[in-house]
Amino acid sequence: MSRDDCELLWSRLSEFLAANLGLCFGPERREDLMRAMACAAREFGFKAPEACAEWLLSAPLTRTQIDILAGQLTVGETYFYRYARNFEVLESDILPELIAARRGGTRSLRLWSAGCCTGEEPYTLAILLTRMIPDWRQWRIAILATDINVRFLEQASAGIFREWSFRDTPPGFKENYFHSKGDGRYEILPYLKELVSFSYLNLAADTYPSLLNNTNAMDVVLCRNVLMYFTPVLAMRVVGQLQRCLLPGGWLMCSPTDSSAVSPIGLQTVSFPGATVYRQVSDDPAAERIAVSPPPIPVPSSPVALSAARRPTVIKPIARSSPKTPIESSLDVHVEALALYQQGHYAEAGDRLQELLASRPDDAKTLELLARVYADQGRLPEAAALSERAIAADKLNAGIYYLHAAILQEQGADDDAVRCLNRALYLDPNFVLAHFSLASMARAQGKMTAAHKCYSQALKSLEPYRPEELVPESDGATAGRMREMISAMIASCGVQHATGRDRLVEARP
Ligand SMILES: C[S@@+](CC[C@H](N)C(=O)[O-])C[C@H]1O[C@@H](n2cnc3c(N)ncnc32)[C@H](O)[C@@H]1O
């Protein structure tokens, strides 16, 4: 291969990796890329990295190929309490407000470590929360931790760490929350391990926010030391999507190295001494208390403290050329509300839908969409009431049962959610997402045989779909991507054949 051909091949591969994994390997990182590709080539069974690169470029990547590439190309640098200032700000300013606001109400908190690596970051969150909420067992605390590198995720789930992970921890940290395995390794205590759910998510390619992967309605998202590996365009897109995962008033924390990517409309910059954090604009004045109170002192290097809220762009009502029938008008409003919802403008979408409901209180589509809007705002009791009304208005619609089940599950009413999912399956036995949700619930309860069985049903229900086809109710996931995801889940169940009787499936009417 000539020098020019070789140069062209590497730059094509860089573009391909940026598009599929989000990772940026510009000319200045060419050597890193060549070194990592030499290792990946060996794993794929190629002698020459160039031949391996040509092969990878010849077709869309499979999940296995992504796993191997991510294993070689991602950087796994992390440790407990990394950038201690971030955790101090969480402890002194952000979490106390959130905890106080929820204590008298839902007693729930949702946090996400996006790009969690081997788990030190989400476990630090778990330790912080259990320390701050003495009665945390009476709360519903969800700490989601995702990464693209499955080997990191396996290590994270095992929860065993070496001394090096504790290089910046406060005194007593290791002694209080880990037990020594006697060989220089330390295992996180089981109650902390149980608070964190690890799962695969490619920030460059997967869908979020989504009920499917539980990335919706977050109070706090940490995405630190991840964006800096992405192309600037992708980094901004990821921040925009993460922003939509936040509840109004929710917080996004990035690392100082990532901050150039964070400027999407609708996020406020809140500067605390030594830490800059971003906040989803809220219509609720109570949720803005931190942002409007004077104490945060800007650090010299970041001059903008408490910048004025940048309001989300409001979609203009659709221009009307000729008078419309009431049905046409309400269709317009519905379309408008849907667009607002999809762009994350939940409050405006909610207002439009409430207007519609005033004239058509039993319209199942409006009730369903408003339930989604409220669920994404964390207004779960209202969302549940609306999805129940939607079911009453359209009793044969399996999708609405599925939505209601997702809301019930978020409220912690797992048994009711299972009943609802079984009703959805009674109406549509090939409802992929309903099988998938039953499987995920069984897996979370440690019922691996039941999970294996439901995942297999989900896979079977996917058979009629072409790989590029979108799966209903999946918030935009393609059948090909879902197949890969479910196959990986089946493999992780560690069950050869589903044999045991499955309580979840038995509950089916
Ligand atoms: C340097 S670590 C950061 C870990 C942790 N957030 C911290 O700050 O200590 C970067 C992580 O981002 C993950 N990552 C890279 N590209 C990703 C992608 N496209 N989707 C999800 N995670 C990705 C890597 O696998 C790695 O675990």
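**Entry 1: the whole chain**

I began with contacts, counting two residues as touching if their C-beta atoms, placed from the backbone, lie within 7 Å. Among contacts in the protein between residues at least 6 apart in sequence, I found that 66% join residues at least 24 apart. A reminder to myself: this is a predicted model, where local features need pLDDT of at least 70, side-chain atom pairs count only at pLDDT 80 or more, and totals for chains, interfaces and linings use all residues. Residues are numbered from 1 along each chain as its sequence is written.

Next I looked up the elements, and the protein has 21 helices and 10 strands. These are DSSP runs numbered from the N terminus, helices being H or I of at least four residues and strands E of at least two. I then checked burial, and 43% of the 509 residues are buried. Here buried takes 20 or more other C-beta atoms within 10 Å of a residue's own, exposed takes 12 or fewer, and partly exposed lies in between, with C-beta atoms placed from the backbone.

**Entry 2: the sheet of 7 strands**

I traced an open sheet in the order β6-β2-β1-β7-β8-β10-β9, with mixed pairing. Two strands pair if DSSP finds at least two bridges between them. At the edges I see β6 (196-200) and β9 (267-272), each pairing on one side only. Neighbouring strands are turned by 20 degrees against each other on average, direction ignored. For such angles, axes are lines fitted to C-alpha atoms, for helices over the stretch in contact, and angles run from 0 to 180 degrees between N-to-C directions.

I followed β1 (residues 108-114) along β2 (residues 140-147): they are parallel, with 7 bridges. Leucine 111 stands opposite isoleucine 143 in β2, and serine 113 stands opposite alanine 145. Since 6 of the 7 residues of β1 are buried, this strand is largely enclosed by the rest of the structure.

How many residues of β10 are buried? I counted 6 of its 6. Ala275, Val277 and Arg279 point one way, Thr276, Tyr278 and Gln280 the other way, and all are buried.

With β9, strand β10 pairs in the antiparallel sense over 6 bridges, valine 270 having valine 277 as its bridge partner. The two strands make a hairpin with 2 residues between them, and glycine 274 in the turn has a positive phi of about 80 degrees. Towards β8, I found 2 bridges, again antiparallel, where tryptophan 251 partners arginine 279.

**Entry 3: helix α5**

I saw helix α5 (residues 84-103) lying across β1, β7 (218-222), β8 (246-253), β9 and β10 (275-280), at about 30 degrees to β10. Arginine 103 lies in this helix, and it is exposed because 12 other C-beta atoms lie within 10 Å. Arginine 103 and tryptophan 139 are 36 residues apart in sequence and 8.8 Å apart in space, C-alpha to C-alpha.

**Entry 4: the sheet of 3 strands**

I also noted an open sheet in the order β3-β5-β4, with antiparallel pairing. Its edge strands are β3 (160-162) and β4 (178-180), and neighbours are turned by 35 degrees on average, direction ignored. Between β4 and β5 (residues 185-188) I counted 3 bridges, with histidine 179 opposite glutamate 187.
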